[in-house]
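Hi everyone, thanks for coming. Have a look at the picture on the screen, and I'll walk you through it.

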Amino acid sequence: MAVKFDLNEREVWDGNYAASQALRQADVDVVVAYPITPSTPIVENYGAYVGNGYIDGEFVMVESEHAAMSGCIGASAAGGRVSTATSSQGFALMAEVLYQASGMRLPIVLNVVNRALASPLNVRGDHADMYLGRDSGWIQMGAFNAQEAYDLALCAFKVAENHSVRLPVMVHQDGFITSHTAQNVYPLTDEKAKAFVGEFVPVDDMLDFSRPVTYGAQTEEDWHFEHKAKQHKALMDSRTVIDDVFAEFKELTGREYKRVETYDMEDADVVIIGLGTTVETARVAAKNMREKGVKAGVVAIRCFRPFPYDEVREALEGAKAIAVTDRSSPGGAMGAFYNEVAAAMYTSKSRPMVTGFVYGLGGRDFSIEEAERIFAEQQAHADAGHITTDIQQFSGLRGPHLGFFKTARG
Amino acid sequence: MTEIRWHSRAGQGAVSGAKGLGDVVATTGKEVQAFALYGSAKRGAALRAYNRISDEQIFNHAKFMNPDFVLVIDPALAFTDSIEENEKESTKYIITTHLSKEELLAGIPALKGKEDRVFIADCVQISLDEIGRSMPNAPMLGAFVKISGMFELDYFLESMKRVLAKFPQKIIDGNMKAITRAYNEVK
């Protein structure tokens with residue numbers, strides 16, 4: 001029997017601690033881990049909960065992140081509730097096995113504390129690792145603060161383990177900005193959290209010897225395509241389950257989550273669309289711009305995969321100029337997030353102007369003042385009726401202006 | 001919104017100090033943020049830690065701030081770090097030093113004309129006396145409580161006891177004495 005953990009109604013936790021508490025409350029059976037900054041405390045704390053008797057689980061230390069996710073796959077296929085955490089280079093090393101986990105339809109929850117990818121080596125937050133996982137067949141949810149890192153980790157188990165979903169889920173939080181920033185967090189009681197997440201009922205678990213199954217079988221051109229298409233459909237169909245889980249969570253806590261979040265969007269002309277902590281900073285800037293008479297709003301992606309095309313279109317339909325913020329080096333393209341949003345808006349009726357900003361790489365600060373400047377630029381596009389700047393720009397970059405592609409079109 | 005910037009060296013407890021302050025502030029019903037800015041910090045490397053305190057949920061995640069309070073817990077950083085960076089006309093400085101205020105100010109041209117907003121306490125010596133080692137974060141909290149007027153001293157001490165609950169009683173007692181002394185001695 002696990003030892004009772006004393007929780008207050010209001011705690012001051014950082015994002016890592018918040019995520020680790022969610023793992024404890026979800027009664028995770030197995031964590032297989034190879035720690036990496038800035039996600040280390042999540043698995044470290046889980047190990048401490050096991051060591052101190054707060055949870056009846058198993059903490060398995062391995063030799064690499066590749067082995068960590070491989071171990072998670074084994075434990076999950078065996079029928080356990082499984083989770084781990086990683087960042088950056090560790091995530092990159094895990095990449096091969098991420099596809100195995102989703103292809104085998106294993107409901108593993110991976111806490112990703114977003115960090116830049118080397119080289120140059122950098123331990124701070126950007127979204128390079130998150131985008132690296134975008135085609136891996138996992139559901140990807142994003143937290144904008146420590147409270148959400150906790151809330152979404154609980155929701156993630158419920159989504160992943162739903163028998164009509166059976167897909168692994170990543171819960172992303174910004175390295176350091178969320179993971180190492182302590183703030184007020186209002187946790188659920190253990191009883192409420194356990195009741196919400198529910199009992200894990202595995203499907204085709206390998207330890208059910210009365211009904212032998214095969215995992216990771218080989219399928220060539222005869223069946224591979226059908227398997228992958230089915231997996232894609234499962235991802236697409238998970239949208240309604242995610243909505244249902246968020247609705248249930250709201251009922252329990254009063255905290256409302258949507259796959260696309262909108263702030264001050266009722267009459268917004270100019271918009272910043274973003275992911276992670278940037279969203280909240282931009283919300284402050286939007287309020288400030290409204291005091292100056294600019295109809296500014298913010299749209300945020302809570303669920304990056306499956307990508308919420310319809311909801312993005314709906315949220316941005318009335319806008320005139322949209323700034324898409326990519327916290328990742330675009331590597332010779334427009335930016336992964338820009339491409340998604342621009343594609344969604346191309347099929348909208350209003351086809352608003354969409355420009356991209358690459359920002360915040362390696363933890364570079366994103367200030368309210370800079371968000372206000374971006375809003376003002378969007379207003380200039382709206383006033384002129386066409387894009388007045390380069391389509392791709394860099395925000396917060398030192399040195400001479402860097403930008404690419406122009407258009408005279410609206 | 002009240003914003004606080006700590007100037008410290010890794011190992012002096014600015015990050016713990018900022019988080020401890022956040023813990024206590026949260027018990028009053030306010031919303032807090034506590035974070036730090038350091039790289040792959042080694043003991044002795046200069047670092048900055050930050051607090052934001054507000055009646056409403058804090059959405060700003062930028063590191064940039066115009067601090068209301070600057071807390072310097074390493075005596076040398078008062079001279080070598082840009083402690084006046086992004087200051088406001090009302091920014092208050094609390095600096096750890098064994099010098100007199102006149103001697104200190106003579107060495108920091110950036111604080112010229114701001115004498116009324118500069119306060120000093122010998123947090124290093126206080127922690128050596130009361131805790132037994134140089135841990136200037138706790139006394140700095142005592143000095144901050146006095147200068148900010150944010151809490152009654154007794155309320156703060158009671159709350160800090162809870163924050164420090166995992167430590168041995170001797171350490172807790174030492175911290176309480178250090179906080180109280182700095183509260184009384186800051187000037």
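Let's begin with domains, whose bounds come from an automatic or database domain assignment. Chain A is divided into domain 1 (11-253) and domain 2 (260-404). Please keep in mind that this is a predicted model, where local features need pLDDT of at least 70 and side-chain atom pairs count only at pLDDT 80 or more, while totals for chains, interfaces and linings use all residues. Residues are numbered from 1 along each chain as its sequence is written, and chains are lettered from A and ligands numbered from 1 in the order in which they are written.

How far apart are the centres of the two domains of chain A? Taken over C-alpha atoms, 28 Å separate them. The contact between them takes 26 residues from domain 1 and 20 residues from domain 2; two residues are in contact if their C-beta atoms, placed from the backbone, lie within 7 Å. On the domain 1 side, helix H8 (224-253) of chain A supplies the largest share, five residues. Helices (H or I, at least four residues) and strands (E, at least two) are DSSP runs, numbered from the N terminus.

Now to the sheet. In chain A, seven strands form an open, mixed sheet in the order S3-S2-S4-S5-S7-S6-S12; strands pair if DSSP finds at least two bridges between them. Strands S3 (58-61) and S12 (303-305) of chain A each have a single partner strand, so one side of each is left without a neighbour in the sheet. Further in, S2 (residues 30-33) and S4 (residues 82-86) of chain A run parallel, joined by two bridges, and A:Val30 has A:Val82 as its bridge partner.

What about the inside? The largest nonpolar core has 172 residues, and A:Val171 is among those that touch the most other members. Such a core is a set of buried Ala, Val, Leu, Ile, Met, Phe, Trp, Tyr and Cys residues joined through C-beta atoms within 7 Å, and buried here means 20 or more other C-beta atoms within 10 Å of a residue's own. Helix H6 (residues 146-161) of chain A gives the most to this core, 11 residues. Both domains of chain A contribute, so the core lies between them.

Finally, chain B: 18 of its residues are in contact with 18 residues of chain A. Strand S2 of chain B gives the most to its side, with six residues. That strand pairs with S8 (residues 182-185) of chain A in the antiparallel sense over two bridges, and A:Gln183 stands opposite B:Gln33.

Terms used. A residue is buried if 20 or more other C-beta atoms lie within 10 Å of its own, exposed if 12 or fewer, and partly exposed in between; C-beta atoms are placed from the backbone.
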